[in-house]
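User: I have a model open and want to go through how it is put together. Can you take my questions as they come?

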Amino acid sequence: MAWSRKSAMFASLAIALYLLGLVLRNQQLVTVAVVLLSFLTWAAFMSNHADVSSSGRRAEEERKNEGVQLNSIVALRKISSSRIFEDGEIEVTLRLQNKSNLPKIVEVRDRVPEVMRVKKGANYVLMELGPQRETTISYTIETPLRGFYTIGPVCIRIQDAFGLFHNEREVNLYDDFLVFPKMEDIKDALIKSRVPKIFTGAVNIRNPGEGSNFYNLREYIPGDPMKKVNWAATARSGGKMMVNEYERDAVSDIIIIIDSRSVSETGPVSRNSLVYSTRAAASLSQYFLSRRDSVGLVVYSDEIVSVDRDTGKKQLYVLLTKLAGAIAKGNTPLKVVTNRIMPHINRGSPIIILSPLEDDSTIVDAVRDLRARNFDVTVLSPSSLEFEFDAKRLDRTGYEVLKTERDILMSELRGLGAFVMDWEPDMMLNTALAGARGF
Amino acid sequence: MADKVKVDGGGDTSHLYEGKKVRSSAPSRKKAAGRLKSSTEIPKDAIPEIHVPSFIESFFGGPVVSKQKFLPADRMVSSLQIGAASSLLILCFLTLAITPIAGTAWFAISNMIGITSLAGLFHLSLIVIGLIGGIYGVFQRDKRAMLISYVALILVTIRFAGSTVEFRFDFLPDGEIAQKFILILYAVFLVMYIELSSGVIRFSMLDTSIRMNEVYVMGVNKITRRYHTSLAIAPVIAGAVALMTLLINLIIPAIVDIFDGSSDVASERLRESVELTSVYGVALGTAIVFLIIAIMFGVNLPLRIQQMRERNA
């Protein structure tokens, strides 16, 4: 039995008046105290639950005892989807059954994750549940942020009419769901590998080969098939036989590296570097996988989590799940990550690094190493300075100083031949990518 | 200076990017830079508002919110407001009737300074504060005003009473049972006033939550009917228990009389006992009554009653 603040105040007042009445020999005070105590006792009596510990029973039996009222209430939940993207909606239906022969007035609260907002209906219901009756509560929640979430438990509370005492029980009913980062439609990521994989596919890389897209013209070499001869060009060239060359169709490896260190969560909950990075990674993954490239993912925080390169829709879900579960923690340097992954990636593969570029002195070294091995490095850097400045958590002087430092670092990275973009909060991913690639 | 900082850190980068010029910043930052001023003060809205608890809030260990926004009172809240105001009026009348000025601290002080009328004025003003504060608190749904009203109405009863029940007005009955009945009536109205006024806040909060779609209520009428029923039963029960406690000086001799059989000397002695008729008799009564209640809880009677009701329903 739990006491409310009101009942505690009533009890304190009653005891104080009672003692004062005895000291002052004032029957009026004692009478008020006795009426107050009687009122409290009656409310406790009507709350229908005794102090079971006084009966000498063990703690595990307590639930059974208090549940004379609450155990007869059964809850069942159904959610519309267990996988959803950010800014989606989940419909929750909670069925409550009263298996008792007595009607009950209960408060029911279905606990939803803090970041979620109830859009329609209510997850908090006060109701009279008839004997052997069932009722259904429906509500819709919005999912604004990626992550693994759980709905539940269901809290059921019965209290006396005056709100003095209550008895509460948590029904351990949980439903897990996954919120994937939302994806932006990328028209052309402008990232092509110079190194093909063994298996050919439909994607063009910037090397001549047996593809379908025109690449350039060259002189005929003995052994070239006659179907490749460009007769019009031959006629214009004054007798030299010219043949068409085509872009080689091939899939390429794309590696996306996400900085998920503690510093990447600097800024408001819904607007920080990690949120932007995961959304960008999701969009890029979808784009590249739809091109039949194989995409690998590395998320580094206090540990390095990697997803092997693969293609197809299944890979997209694997990547999205990893992105949904990325938590900002630790401070692993980028150099450690690149040292670990470099031996396993084909040279020349595009590497996209999504990082706020903060609090890591190894960034320049890491990018230098990648460039030295001819990797095509693109750095998209969501600026936590802008997030902080927009949220007015950073004063102007601090902003200016940090901004200058950041610009210097980016210039240095550009000097190494990496494509770098300072990604501002209001900028679309397409624009940021175009900016990074210099288009 | 901040307004001289060139945020557009572009520069000619064509030598690095095969003849292409790369901007290091987005156009939006230029716009932001245009708004930059030389002041380095932290914007006012960047400093979070901190609520420093007042003395009353600290004293009660929680916020006593007076500025809580409630939506206009619905029918249930209005009827509770009327009920609370009515019980307050009766309570104030009973307080005025049964609390003499003699024995109070202000009576002693006014006697010391030689202005006896001051005590009466102070006594009356305490009741008026209780009344006006209560009415204001109930209708404006202001917890602080309610709290002041409670304190004033309890403070007015604190006096040295010399173990006997005294009333201010002569027209009130002299009989012991009638006196105690009036005392209980006063106490019941005090408790009911506290309950009803706190009920006004509780149901206002609930009503606001319902209308703001934070809580959904199914079967409102059944829930309010339960509260109204409890409001009718609880004071009767509390009054009956209190009456048993106060009349212990009659109950104990009556019980002794049963066992005493032939002579009623013992019971007669108890009836005439000064201790039993005094406040200590009430204390003894309280101990006995609440001992019985404790035994009821000890044997899990509420639980057993509930189990029985579940089985028989």
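User: Among contacts in chain B between residues at least 6 apart in sequence, what share join residues at least 24 apart?
Analyst: The share is 66%, with a contact meaning C-beta atoms, placed from the backbone, within 7 Å. This is a predicted model, where local features need pLDDT of at least 70, side-chain atom pairs count only at pLDDT 80 or more, and totals for chains, interfaces and linings use all residues. Residues are numbered from 1 along each chain as its sequence is written, and chains are lettered from A and ligands numbered from 1 in the order in which they are written.

User: How much of chain B is buried?
Analyst: Of its 313 residues, 28% are buried (20 or more other C-beta atoms within 10 Å of the residue's own, C-beta atoms being placed from the backbone).

User: Which residues have the most contacts inside the largest nonpolar core?
Analyst: Ile256(A), Ile257(A), Ala281(A), Leu354(A) and Val377(A), in a core of 80 residues. A nonpolar core is a set of buried Ala, Val, Leu, Ile, Met, Phe, Trp, Tyr and Cys residues joined through C-beta atoms within 7 Å.

User: Where does that core lie?
Analyst: Domain 2 (67–180) and domain 4 (253–437) of chain A both contribute residues, so the core lies between them; the bounds come from an automatic or database domain assignment.

User: And what does Ile256(A) touch?
Analyst: Leaving out residues up to four places away in sequence, its partners include Ala281(A), Leu284(A), Val295(A) and Leu354(A).

Note on methods. Buried ≥ 20, exposed ≤ 12 C-beta atoms within 10 Å, placed from the backbone. Contact = placed C-beta atoms within 7 Å.
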